Amino acid sequence: MPSKPKTAGGSDSRFFTTQKKGETHELRTDLHSNDRSTKVDAVKKVIASMTVGKDVSMLFTDVLNCIQTDNIELKKLVYLYLINYAKSQPELTLLAVNTFVKDANDPNPLIRALAVRTMGCIRVEKITEYLCEPLSRSLRDEDPYVRKTAAVCVAKLYDIAPDLVEDRGFLEILHDLISDANPSVVANGVAALSEIAETSGKDVMKISTSVLQKLLAALNECTEWGQVFILDSLSKYTPADGREAEGIIERVTPRLQHANSAVVMSAVKVILNYMNMITTEDTLRTLTRKLAPPLVTLLNSEPETQYVALRNINLIVQKRPQILENAIHFFFCKYNDPIYVKMEKLEVIIKLVGERNVEQVLLELKEYATEVDVDFVRKSVSSIGRCAIKLEKAAERCISVLLELIQSKVNYVVQEAVVVIKDIFRRYPNKYESVIATLCENLETLDEPEAKASMIWIIGEYAERIDNADELLETFLETFEEEDPSVQLQLLTATVKCFLKAPEETQEMVQRVLDMATEESDNPDLRDRGFVYWRLLSTDPEAAKAVVLSEKPVIEDDTSKLEPELLDTLISQIATLSSIYHKPPEVFVTRANIRTVTEDDVDDYEYEDENDVGVQPSADGPVDLLDIGGGGDMNGSAPQQNNGGGDVDLFGLDTGGGAPAARPTCVKTQVCDGSQSGGIIINCGFMQTNGSVSMELDLQNNGQIPVTTLAIQLNKSAFGLAPTNQQLVFSPPIAPGASGSYSVGLTVTPNMMSPVAPGSAAPPTVQAAIKNLSNNSVFYFAANFTLESIFSPDGALDRTAFINTWKGIDDTKEVYSTVQLTTSSIEAIIQKFASASIFQIARRPVPNQPGQEVVYFSCKTMTQHSFLAELTFKEGVMACKICVKSEATAYAALAKEALERCAK
Amino acid sequence: MISMLYLMNTKGDIVISRQYRDDVSASSTESFRQKIVAAKEASTSAPIRILDSSTFIFTRHLNIYFVAVTRSNVNPSLVLEYLYQKIRVLQAYLGEKFTEDKVRNNFTLLYELFDETIDFGYPQNTSIDVLKMYINLGKQRQKIAEDQGSLTSQITGAIDWRREGIRHKRNEVYIDVLESVNLLLSATGSVLRQEVTGSVMMNTKLTGMPECKFGLNDKLVVEKDKNSANAGKSGVSIDDCTFHRCVSLGRFDADRTITFIPPDGEFELMKYRVTDNINLPFRIIAAIQEDGQTRVSINVKCTATFSEKLFASSVTLKIPVPNNTAKCKIKCTMGRAKYVPEESSIVFRLKRFQGQSECMLAADVTLMPLVRAKAWSRPPLSLDFSVPMFTASGVHVRFLKVFDKSGYTTNRWVRYITKSGSSYCIRI
């Protein structure tokens, strides 16, 4: 029963009421008063002011004056004040050291612990050396309460002065605490060690068999929080073999029954991670069975916990669908669930839906589609579409449910339904076109670009089956100028399709649309596409037919699937924020003391974000000339690489640390998988040799005809590249089944520069179109550009110019990262950089940081963007910190990546 | 780990805050204020958000947001559980429905609790009983000064939820088995989802450090006992259960016996979940028909299926009607029913509902004509009730054994109650 505390001494609110003038003076007098209660009241007033955000740092000495007291309440308040203002008065804080040291020897363990705890919180470097002595005593204190507080204090100290911790041997003592008799001490020791391991990147945990046994023993005895610390550190351990894994799992499984959801989640994490090591089918089956009920139980807890559980379950069902295959009905939404829970439940339902339960699921989804929350309704409707795309047998049922919903005439339901029906058409071509008539009845309800674009795509694609396709398009064309660009593009394409199918009736219309697109529009995409169609139609209508009306690859439902590697990473991150954001930790964790320019837009992390992966389809992604898919689409067919968030791995190793004289090599990645290019597989990369830039192509001909001559055209890019010669002649031709390579010379010209929108990063891709002159087929790809390929040989700056420029660039225009190196020799790096036209400017040791050196570099691209870089090395560490500063902020991240590659 | 904790009211003012690490700045609260509180997104936004590269994890108690800020890859469940626990601790100190003013009026206590329950962002001791032993409105109890030794071993001990040397004149245990039934019926009357979540609440007044053994008619246990007196009785198959941390999970995992040394006073011993063979206490048949654009006719029959010796109390049936309802003519066989425009529903209340009885309601709803006809979304009909001495799952307490060195006898009282869960709905 909650008992009301006695209100002895009145309430604290009176301390907030002083607003008079001369208040500070009065407080000061009171703080020096001999009367204890006056003193206590004065300190309380100070703290009250601090709470409401007033600056009371001017009373520092006066408050400090009260520290010598045996009143524990007063002491706590003074300590609290110290923690808050120590940083502003580091010198004066030293005056408190004596009291701390004295308190750390107090006979009362609560006071000893209080002193150690507070000292650790005072983040003033000078105080750290005084802290070591009491800390090492406290770590061996006879009282467990002091020891457990001291354990955390080591982590605090490590945060300020890691070297001190290592020098004083605190890590070893901390490690010994894992064997402590008291479970709370063990738990805090584990927590502190795990944190140090994470920040330092060293394995200070060193879980051995005996440590493991101790952790498992402590697991049964310590508090719920301690259990979480221990389980989380167990999850990072790799068992020696399947038997050991099984043994640990056995000890961890009972935790699934704990009332605290954090304990349950962490236990799930350990079990899932260890399951990979278990090969016995029986054990796996048992574990699968045991994991389901606790996960479902989490859905009965508070909504926030449900949210955490659902985001994790989303990952778990992708990795191990068996666990919850029979539990789909638990994920059905309750009418009064918070919206964020409902949205996540829908995601899980879609992952779990199968032929056995699709009937039930469709009934649910249909029900949700009539609820009030617009976002939820939309997602429900689109989920019906996703069911259809996922399950061929259920597609017909799904379509009929969608048609029923369209009858409701609710504006957003109709629009969402049109969008998904377009996708269903793409998935099952020539199967469900009978519903077009119903769709056409609802044209007037469409007012959103995506829905309009989808409808127009359908009209264009199936023009021959719609009697009045031209009239329908005509109605859309009336408002052509006002439409969203995506709708305009669709209208253009649909009209051309219509024309190709029925030239007589639509001759006039297509002429008008092409005019509008090429002459009246400011949108370069629209204009370019208009010109392409125009030329195609005027030169070779048959080729136009082949291009525009070509077969489209069938799409799959992969909107929500994560890449297997990413999924594995995330599974190992179950029960962390990583599993909530569905992004690897390095994407969002920024270390405390590193100022980072974050380009991550906050919105990327919201739950509305469909693309859970760290891949942002770049807005200027490959332009979909053939118009595969409608507006925004689910097509996984475009052969582009994902260019988003830090896909640096694509490049793997670069110039390979060889001698600088060696011929530069270039890392190529597959850009074209042959599905659209008539079987030509292309790997592409960029490099610079003797000052000339080239695009290196490796071709593998899996098609039917030999490759003799190709024509290449590059789209405008952020790098201003154009081929010196558009014809690629292969002599001898590449026979079917054979492969060859070609080096396309490139020039950098301002005409080919596409401007980068202010505030956004330059898209790292170069888009190319290739026409095979043997059969006139055209295909497109996008290749990731490596910025070092256009580093100009005249990028060196003199020192003064460098310093001035460096100072002139605002600190917010910096990008940082840390990169692992293959060598610890700074000279080797400088040499590698020099061969890549990155010039050393200066080199000096870091003052006060023995063993650290910084080297400054500059470089310039042929497009006249210059970059300044600072590399920080630490002796004996095979890594360095790269910091790039540039006024060309859009390119800074690319330059940093270029440097990372060159350094490796 | 947690870098900062603060309490913020719905206006966006910080009530109290405590920073544990300096990787977040005090000003980071501003982005939360602007993007969540001021944007009125708090109720729809996911409870974990990244704003300006710090993660905010939050929950709400009445008009106060409890917010944790971090920049590392923390365990979100840990943070949330800590926040819940923190609210419970404050409820124990300041009263069940503590307000912003209550918090402000006790800020010294709050700071003490902030420091004692968390250190450098790591949750520490949050056990209310133990906290109360040494944190008491800023005033340390004098007598504790004498035996800090036992106090600290209490704080850090294996059994940190109970202190030694508790005495009670009469040794008593009160057991409440509370069940909530969640139900979703389709419009055709088929069960889409049904689930009972139960919780066993205990109030113990026991002397010393007693070890207790507790048993429900859990199918797995009952079937094992085939040879004993229980033979022939069938148990309830429990899908899953979770336990208070005093329960030895190892023992339960090994042989499903529930053994524990209880905290003194009230606590939740266990929670369980049952989905099979549920006895739904009410059967509802609803016929709601829309006659053209302006009329809806409603007929609802509700039957209590439990034994006639029992009765349900505070039964409330909410029958949705369209938003544009003009008037309702309602007839019911018992209880009271009226149209509540704010909720767009007819609320039908019965103070007492005898088992095996039934009631009917018929309503004639007239609608205002609308300029733009829009289909009625027909939200589900929902039911609230509580039935004492009845368990929908069929769970009952088989035994509670208390062993203590002194061998005293214990009086036990067991109560059962079944309530409607968060959603007991019938689609119409």
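Two strands are said to pair if DSSP finds at least two bridges between them. Helices (H or I, at least four residues) and strands (E, at least two) are DSSP runs, numbered from the N terminus. This is a predicted model, in which local features need pLDDT of at least 70, side-chain atom pairs count only at pLDDT 80 or more, and totals for chains, interfaces and linings use all residues. Residues are numbered from 1 along each chain as its sequence is written, chains are lettered from A and ligands numbered from 1 in the order in which they are written, and side-chain values use heavy atoms, with hydrogens and water left out.

**Figure 1. Strand β11 of chain B and its partner β13.** Strand β11(B) covers residues 240-243 and pairs with β13(B), residues 265-274, in the antiparallel sense over four bridges. Asp240(B) stands opposite Arg273(B) of β13(B). In a regular strand the side chains alternate between the two faces of the sheet. Here Asp240(B) and Thr242(B) point one way, Cys241(B) and Phe243(B) point the other way, and all are buried. Buried means under 20% relative accessible area, exposed over 50%, and partly exposed in between (1.4 Å probe, protein chains only).

**Figure 2. Strand β15 of chain B between β14 and β20.** Strand β15(B), residues 295-304, has seven of its 10 residues buried. Strand β14(B), residues 282-291, pairs with β15(B) in the antiparallel sense over 10 bridges. Strand β20(B), residues 358-367, also runs antiparallel to β15(B) and is joined to it by nine bridges. Cys302(B) of β15(B) is the bridge partner of Ile284(B), and Cys302(B) also stands opposite Cys359(B) in β20(B). The hairpin of β14(B) and β15(B) has three residues between the strands, and Gly292(B) in this hairpin takes a positive phi near 65°.

**Figure 3. Two loop residues with positive phi.** Most residues other than glycine have a negative phi, and most peptide bonds are trans. Asn277(B), which is not a glycine, has a positive phi of about 50°. Asn277(B) is found in the loop between β13 and β14 of chain B and counts as exposed because its relative accessibility is 69%. Ser837(A) has a positive phi near 60°. Ser837(A) sits in the loop between α35 (826-835) and β11 (839-845) of chain A, and at 11% relative accessibility it counts as buried.

**Figure 4. A patch of positive charge on chain B.** Arg336(B), Lys338(B), Arg349(B) and Lys351(B) gather in a patch of positive charge on the surface. The elements that give two or more residues to this patch are β18 (336-340) and β19 (345-354) of chain B. Lys338(B) is in strand β18 and, at 52% relative accessibility, counts as exposed. Patches are made of residues with over 30% relative accessible area and no salt bridge, like charges being joined within 9 Å and nonpolar side chains (Val, Leu, Ile, Met, Phe, Trp, Tyr) within 5 Å.

**Figure 5. A patch of negative charge on chain A.** Glu481(A), Glu482(A), Glu519(A) and Glu520(A) gather in a patch of negative charge on the surface. Glu520(A) belongs to helix α28 (residues 503-520) of chain A. With a relative accessible area of 49%, Glu520(A) is partly exposed.

**Figure 6. Salt bridges in chain A.** A salt bridge is a side-chain nitrogen of Lys or Arg within 4 Å of a carboxyl oxygen of Asp or Glu. The side chains of Arg147(A) and Asp180(A) meet in a salt bridge with an N to O distance of 2.8 Å. Arg147(A) lies in helix α9 (residues 144-160) and Asp180(A) in the loop between α11 (170-177) and α12 (183-200) of chain A, so the pair ties together parts that are 33 residues apart in sequence. Arg147(A) is buried at 12% relative accessibility, and Asp180(A) is buried at 17%. In a second pair, Arg843(A) forms a salt bridge with Glu827(A), the closest N and O atoms being 2.9 Å apart. Arg843(A) lies in strand β11 of chain A and Glu827(A) in helix α35 of chain A, so this pair ties together parts that are 16 residues apart in sequence. Arg843(A) is partly exposed at 31%, as is Glu827(A) at 47%.

**Figure 7. A salt bridge in chain B.** Asp52(B) and Lys35(B) meet through their side chains in a salt bridge (3.7 Å, N to O). Asp52(B) is in the loop between β3 (48-51) and β4 (54-61), and Lys35(B) is in helix α1 (residues 28-37) of chain B, 17 residues apart. Asp52(B) is partly exposed at 47% relative accessibility, and Lys35(B) is partly exposed at 32%.

How values were computed:
Areas by Shrake-Rupley, 256 points an atom, 1.4 Å probe, with all protein chains shown as cover. Lys, Arg positive; Asp, Glu negative; His and termini not counted. Charge placed at Lys NZ, Arg CZ, Asp CG, Glu CD.
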